Every structure is written in structure tokens, then in C-alpha cells.
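The following report describes the structure shown below, moving from local backbone features to the overall fold.

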Amino acid sequence: MTDTRNWFEAPPLTRQRTLLASRRDGIYIEIDGKRLLNFASNDYLGLSTHPEVCAAAAAYLNRHGLGSGASRYVSGDDPLIHQFEQELAQWKGFESCLLLGSGMLANIGLMQSMADRYTRIFSDKLNHASLVDGARLSGASVHRYRHLDLNALAGQLERHQAARRIIVTDGVFSMDGDEADVIGLLHLAEEADALLIIDDAHGAGTVGEDGRGLVAVAGVQGHPRLIEVGTLGKAFGAYGAYILGTEELIEGLRQRMRTAIYSTALPGALFAGAEQALHLIREGSLVKRLQANIHYFLEHASGLKLLDSKTAIQPVVLGSDEKALEAAKRLREQGFFVPAIRPPTVPEGQARLRITLSAEHGREDIEALIKALSV
Ligand SMILES: *Cc1c(COP(=O)(O)O)cnc(C)c1O
């Protein structure tokens, strides 16, 4: 007999995921009543609690309420979303922008609208789950290439011809903190007459002197073969996501994207907060402070077994799941929250501590963490 009590098999113990009842307070996080220094948030600039961001969200909330009530295509739209879309597009250097619920919805909807079973998708092996699932749901043939290996990608493009092909990659990779070679990829896309999707969820607000991310650093923003995706849930300190591209592309997505059409519009308080966050990112001092912290960490953490990352994501690879769990537990006892990331989120044998740095961390916080990691 089958019912909801035996539908799922018990997961293996090492894969067990439990929700941590926690509450954030700036760079601190309280778990089980214990206050810990938080090195586990993607709120890289501390904007989720910035008074101006919260005030902008609260002002919207007080005037217009909480939920948007319907899809944007029915009655959930707002002139202010259009305004923010234009602002984002202009800042990022693209013709047009579509805002929607989350990065997961953005990528799933994007890939579903762009690709079908006649399309071939070429995907970096370490791409975010939303890109992996989007590719899978689109019904396209998916070819995964070795992480960052442009030669492997070139070989696959040569072998797998089709009229419509798309290369898809994270910008800053979420679990490794390393970066896609945007110029190299765009070059291959041009040679192969393919499109290129870059999901720089972790690069926006953190990479480049002005925080515009990897695509702007490469100087290829607005290129007609290029689509950029990003989220408002990380450095923007809010929630939601954006897709950037040519006018024609974005209009095409507006007409087709099921995750935009059949989903309630992003609540206004979120994009109002995110818009204020954008102003603070553009102002520049928070981005500088984050980058100074990354620099400081790298200068002082040379004794640690770090991956080759220059970004705010600094993984310490420990190998076995047990080692990573043990280290995370020890750090927690010493007052630091650094999560152990294990397979299947990362490859087998590469369990790690994933440190994320914030503009709000002080030098002394970073020093204390390095000291705790060094024993
Ligand atoms: C976090 C992340 C997403 C998902 O974005 P959400 O807004 O959290 O759903 C998508 N892509 C990448 C690369 C990410 O790191």
C-alpha cells in the first residue's frame, strides 16, 4: 500500500538536509539561540538590512501593500517595475531587461523558451542547478563540458552541429568562486554561430570596480549574441531576478516565458528595495569595501587550501564529507558559521567549507576566522 508516509525512501544519512532554524542580524546569525559570525550569506554588501533599502521597501509596502495579486499580464504589473527594468538594463549596458520572481524561475523559463528538441545546449559541468534543470526541461540535447575547459567546448561544438545552439555558463561559479572566460566563450559562440547565456548571479555587485559583474569587466555587455541573467537575492539583498538582452529577445521572452506569464508578479516592496540597493551599489563604497575584504582575506589566508578564487566566494576544500562536517562543527563551537558543502552540490571527494565574505565583515572578523581555520 502506498501513501504519503512511505512515498519517499529514507535518504542516506550523509545527504540528509534539515532546515536550520536561524535568524540573521547584520553579519551575525543566531542558530539554536547561539550568536555566530555569519560567513554563509550571499548578502555580499549587507544590503538586505541597509536602512535605505529597508525604508524603500517599507514605503512601497505602506502605499501599495504586500502581494502583487496576479501575474504581470493580468493586473500585477506596475510602472515602477518597468522603470527599474530600464534602470537595470542601462546600468548593465543592455538594450532591455525582464524582471521576474527568482533566479530559478528566470533560468527555467529562459531555457524553456529559447530551446526545444532541435536545439543543442552546451553547458559547463559545474553550472547552477537552475541552468541544469532549465536545459533538461527544454527538451534540448544537452552536452556538458569540463568545467571552464574551452578546448573541450570547442571540440563539442565541432562534433555536435545544429542550426540553433546555445552555450550556457555561470559567470562567477557559485560553489567554487572561479570565473568564466567571457571573452573566450563569446569568441567560440561567434565562431560556432551560437548564443551565449551568462548567469552572473554572484558577480553582480561584487566583481569589477563598479560592481557591474564579469560581462562588463569583459566589455561585451549588450553584444547581440549574449544574454545575461542575475538575481536580486544576492548582492542586492532582496529577492527576484533579471534577464538582460536585446529588445527583440526580451520582447520574445515576454510573449513566451511560462514562468513569467503563469506566476504572480514579484512583490513591489522587493523591487523597490532592490532599486534602492542598485543606487547604493552604483555609489561604489560598499563594492570597494567588499573588494578590500576579499583582498585582505587572500593576503592573510595563504596557509589555507583554497581554490583559485578571486571573488567573495572562498571555498576551503577538505575532501571527505566527514572532514568538512567536522570542520564546520568545530568552527561553530568557536563562534563562526561556515557551511560544509557536500556532494551532490559539489563533486564527490570535494566536500568543502564555503566561506562568503561581506563588505560588512571587519578586518578583525576575517582575521579571527583565518586563525580558527588554521589550526
Ligand atoms: C543563486 C543562483 C541562482 C538562483 O537564484 P535565486 O534568485 O536564488 O532563485 C541562479 N543561478 C546562479 C548561478 C545562482 O548562484
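Asp-32 is exposed in this predicted model, because its relative accessible area of 67% lies over the 50% cut-off. The residue sits in the loop that joins strand 2 (28-31) to strand 3 (34-38). Although Asp-32 is not a glycine, its phi is positive, at about 50 degrees.

Leu-148 likewise has a positive phi, of about 65 degrees, without being a glycine. Its loop runs between strand 6 (141-145) and helix 5 (150-159). With a relative accessible area of 33%, Leu-148 counts as partly exposed.

Most residues other than glycine have a negative phi, and most peptide bonds are trans. A cis peptide bond leads from Pro-343 to Pro-344, with omega near 10 degrees. Pro-344 belongs to the loop between strand 13 (340-341) and strand 14 (351-356).

A further loop residue is Leu-266, placed between helix 9 (258-261) and helix 10 (268-283). Leu-266 is buried, because its relative accessibility of 6% is under the 20% cut-off. Beyond its neighbours within four places in sequence, Leu-266 is in contact with Ser-68, Leu-100, Gly-101, Leu-232, Tyr-239, Gly-240 and Phe-271. The C-alpha atoms of Leu-266 and Ile-81 are 8.9 Å apart, although 185 residues separate the two along the chain.

Two cysteines may be considered next. A disulfide is a covalent bond between the sulfur atoms of two cysteines. The search of the whole structure finds 0 disulfides. Cys-54 is partly exposed, whereas Cys-97 is buried.

The accessibility values of the residues discussed are collected here.

| Residue | Relative accessible area | Class |
|---|---|---|
| Asp-32 | 67% | exposed |
| Cys-54 | 35% | partly exposed |
| Leu-148 | 33% | partly exposed |
| Leu-266 | 6% | buried |
| Cys-97 | 2% | buried |

The C-alpha trace spans about 60 × 55 × 55 Å along its principal axes. Among the contacts with a separation of 6 or more, 70% link residues 24 or more positions apart.

Of the 375 residues, 53% count as buried. The exposed surface comes to about 18000 Å², of which carbon and sulfur atoms supply 51%. The protein carries 39 positive and 46 negative charges, whose mean positions lie 5 Å apart.

Methods
Residues are numbered from 1 along each chain as its sequence is written. This is a predicted model: local features need pLDDT of at least 70, side-chain atom pairs count only at pLDDT 80 or more; totals for chains, interfaces and linings use all residues. Side-chain values use heavy atoms; hydrogens and water are left out. Buried means under 20% relative accessible area, exposed over 50%, partly exposed in between (1.4 Å probe, protein chains only). Contact means heavy atoms within 4.5 Å. Accessible areas come from the Shrake-Rupley method with a 1.4 Å probe; for residues, only the protein chains shown count as cover. Lys and Arg count as positive and Asp and Glu as negative; His and the chain ends are not counted. The place of a charge is taken as NZ of Lys, CZ of Arg, CG of Asp or CD of Glu. A disulfide is a pair of cysteine sulfur atoms within 2.5 Å. Helices (H or I, at least four residues) and strands (E, at least two) are DSSP runs, numbered from the N terminus.
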